[in-house]
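Please read it alongside the sequence and the coordinates.

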Amino acid sequence: FATGWMVGDVKGAWLCDTDDADLVGTQLSAHGDFASGLSGWSDISEGSGSVVATGGQMVLTNGGSHSDEGLAVQSFPTVVGETYILEVDVENGSLITQLGVSNGSNSIYQSGNNSEDISKTFVATASTTYLTFRAFSPSSNATINSASVRLATPDRSHNGNGLIVHG
């Protein structure tokens, strides 16, 4: 792996990669800053749930019950076996974030129903992966500032935290 031998509890050895391509992290999640509204996203809300984009944010609304979820989904291309990083910046409200191999699936990852930001490393299991946001709590709103999925350079240490290229 061209990093040499590291002593102790190493937190990072970011010396090189065997790939000589330019280090530019390609954004796989289209319009994850919501500046273009919901372009690239599908509103698959149930019942009286809804999804809107306003002021560069996505707002999901639950209309009153678990069958009134605001749901948004987007698919993006992945390579089976490659490592990716999902980053979600939540402004406020509780939501569930899911990654899967089909529309609304959580076969790769599912967050708790909370307002925590997400930084999740995952390995693709299909050539297309789906990112879903769900406003699950009855009569509530959840606001997302941004969503990003990028190819990661895997961390081969025991820490297992992949790296991501920004730029």
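Which residues do ring pairs link into a cluster? The cluster consists of Phe34, Trp41 and Phe133. The model is predicted, so local features need pLDDT of at least 70 and side-chain atom pairs count only at pLDDT 80 or more, while totals for chains, interfaces and linings use all residues. Residues are numbered from 1 along each chain as its sequence is written, and side-chain values use heavy atoms, with hydrogens and water left out.

**Aromatic pairs**

Rings of Phe, Tyr and Trp (its six-membered ring) pair if their centres lie within 6.5 Å; planes under 30 degrees apart count as stacked, over 60 as edge-to-face and the rest as tilted. Across the whole structure, the search finds three aromatic pairs. One of them, Phe34 with Trp41, is tilted, at 5.8 Å centre to centre and 45° between the planes. Phe34 and Trp41 are both buried, where buried means under 20% relative accessible area, exposed over 50% and partly exposed in between (1.4 Å probe, protein chains only). Tyr84 and Phe122 form a stacked pair, because their ring centres are 5.7 Å apart and their planes lie at 25°. Since Tyr84 belongs to strand S5 and Phe122 to strand S8, this pair ties together parts that are 38 residues apart in sequence. Tyr84 and Phe122 are also buried.

**Strand pairing**

Helices (H or I, at least four residues) and strands (E, at least two) are DSSP runs, numbered from the N terminus. Two strands pair if DSSP finds at least two bridges between them.

| Strands | Bridges | Example of bridge partners |
|---|---|---|
| S5 (residues 83-92) and S10 | eight bridges | Val88 and Ala147 |
| S1 and S4 | two bridges | Asp43 and Ala72 |
| S4 and S9 | eight bridges | Gly70 and Ala135 |

Strand S4 is largely enclosed by the rest of the structure, because six of its eight residues are buried.

**The nonpolar core**

A nonpolar core is a set of buried Ala, Val, Leu, Ile, Met, Phe, Trp, Tyr and Cys residues joined through side-chain atoms within 4.5 Å. The largest such core has 26 residues, among which Met58 and Phe133 touch the most other members. At least two residues of this core come from each of S3, S4, S5, S8 (118-123), S9 (128-135) and S10. In soluble globular proteins, nonpolar side chains tend to be buried together. Beyond four places in sequence, the contacts of Met58 (heavy atoms within 4.5 Å) include Phe34, Trp41, Ala72, Phe133 and Ile144.

**Two buried polar residues**

Glu69 is located in the loop between S3 and strand S4 (70-77). Its relative accessibility is 3%, so Glu69 counts as buried. The side chains of Glu69 and Arg134 are joined by a polar contact of 2.9 Å; such a contact is a pair of N or O atoms within 3.5 Å, and within protein one must be able to donate a hydrogen and the other to accept it, while residues adjacent in sequence count only if both atoms are side-chain atoms. Residues up to four places away aside, Glu69 also touches others including Ser45, Glu46, Thr61 and Phe136.

Ser29 lies in the segment before strand S1 (42-43). Ser29 is buried, with a relative accessible area of 2%. Between the C-alpha atoms of Ser29 and Leu131, which are 102 residues apart along the chain, the separation is 8.5 Å. Apart from neighbours within four places in sequence, Ser29 is in contact with Trp41, Gln74, Leu131, Ala147, Ser148 and Val149.
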